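Q: I'm new to this one. Could you walk me through how to read its features?

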Amino acid sequence: MSILSVLGLILVGLHFGIPGVYFSYLRRQVNRSWNLHADPGYLPMVVVIVPTYNEEEMIVRKLDNLDEQTYPHDSLSIIVADDASEDKTRSLIDGWIQAHPKSHLTFMSQQKRTGKMPMVLSVLKKLDPKTELIILTDADAFWNKEAVSNGARYFADPIVGVVTGSIQYEEHGDSQEKTYRGFYNILRVAESKIFATPVHNGPFLAIRMSAFEKFGLPDFAGIDDSALGSFMAFAGLRAIQVDDVSVVEPSRGSLFRRKTRRANRLILNFSNTRKNAERLGLYKRTSFEQIWRMESWLHLFNPWLLLLGALLMAVDVVSGRGFRLALLSLTVGLVLFILPLYRTWIAQQFYLIVARLRSFVTHDITWRR
Ligand code: GDP
Ligand code: MN
């Protein structure tokens, strides 16, 4: 038996053991109470913001979907913020507005593309001061009819700053995505019940307007959905993923690109958001701190234990010294690929490692489909 194999095995054991302990702890938290005063009678003024860039395939279905919300229409308006789309998006939106003259839809567009978050931030500066809640959403995301009604009621409690929806897997999508979502929804909701989750979803991200007045617009580089939620959590507000707002995001474009983009954003969130909150003097210590520490570890460092451990064992196999132990472990590691959750987990580690390497080289997360 060689020392390298034993060390490798320990690293791999920690790689699976640390999240294993955390997840089994969270699993027991998922059924606890929200410890919040949610009130279905609370009906704030809501503005839904849909940033778009070349969304001709999805935009009509998206607007129809928003039109079906059960929330009182007098308290709900929609802003589509189009960023110099080069396809039929703009004319489709104009057509939709003409066909729905009673809808509360405002169409904004600009000539030069600035990117999703910069455009959203500029829209926020121009909002009607009566707006109490904004909901950011992607054009390729479809909500349950009760999404706004269900999401809004949590804001009856002033401690709530952000509510994000749970992403559901679409019937005919790929099974890896399904496993990934089912698993993470449980974790995110459990973290949210404890205090807040650091991961938030572009398909539905509701934010209390007064939080921006209090803490300022989070106008820093790399800001995205998760960073916005984490930022509010550091400022002392609950930023929660709830299970009664569900969104479907049909998969489109290359899976690899989508996954690496998602991983890139998470890496940037975990490397920067806390520093930003501290820099602005907004940091408040809550039980979010422990969640953040664990999730930072899981995103920034934990994937490397697996890589390093596997490499050490591979060295032993090749050199023939710890041959049997290393070969056995590596074989078990490969056989486990028949389990979907394991497969998804390993793929996720791979994306996180690639994204972390990328983050040292470039901070560019410009959108590409
Ligand atoms: P995902 O976050 O990986 O799912 O990326 P998507 O391609 O679904 O983009 C999320 C949302 O942002 C969609 O509604 C896009 O149309 C929109 N979007 C992407 N790029 C831009 C941009 O440059 N400007 C604006 N305003 N919206 C954009
Ligand atoms: Mn999308």
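Q: Let's start with glutamate 249: is it buried, partly exposed or exposed?
A: The general idea is that buried means under 20% relative accessible area, exposed means over 50%, and partly exposed is in between (1.4 Å probe, protein chains only). Here glutamate 249 has 24% relative accessibility, so it counts as partly exposed. Before we go on, this is a predicted model, where local features need pLDDT of at least 70, side-chain atom pairs count only at pLDDT 80 or more, and totals for chains, interfaces and linings use all residues. Residues are numbered from 1 along each chain as its sequence is written, chains are lettered from A and ligands numbered from 1 in the order written, and side-chain values use heavy atoms, with hydrogens and water left out.

Q: Which protein donors does the manganese ion (ligand 2) have?
A: Donors are N, O and S atoms within 2.8 Å of the metal (3.2 Å for Na, K and Ca), and sites may look incomplete because water is not among the atoms. In this case they're Asp140 (OD), Asp140 (OD) and Glu249 (OE), at 2.2 to 2.8 Å from the ion. Aspartate 140 sits in the loop between strand S4 (133-136) and strand S5 (142-143), and glutamate 249 in the loop between strand S8 (238-248) and helix H9 (255-279), so the pair ties together parts 109 residues apart in sequence. Those helices (H or I, at least four residues) and strands (E, at least two) are DSSP runs, numbered from the N terminus. Aspartate 140 is buried, with a relative accessible area of 6%.

Q: How many salt bridges does a search of the whole structure find?
A: Side chains of opposite charge can pair when their charged atoms come close. To count as a salt bridge, a side-chain nitrogen of Lys or Arg must be within 4 Å of a carboxyl oxygen of Asp or Glu. The search turns up twelve. One of them joins glutamate 68 and lysine 145, at 3.7 Å from N to O. That pair links distant parts of the chain, 77 residues apart: glutamate 68 is in the loop between helix H2 (59-67) and strand S2 (76-83), and lysine 145 in the loop between S5 and helix H5 (147-153).

Q: What about arginine 274 and glutamate 278: how are they placed in helix H9?
A: They're four residues apart there, which means a separation of about one helical turn. Salt bridges that share partners join Arg274, Glu278, Glu289 and Arg293 into one network. The side chains of arginine 274 and glutamate 278 meet at 3.1 Å, N to O.
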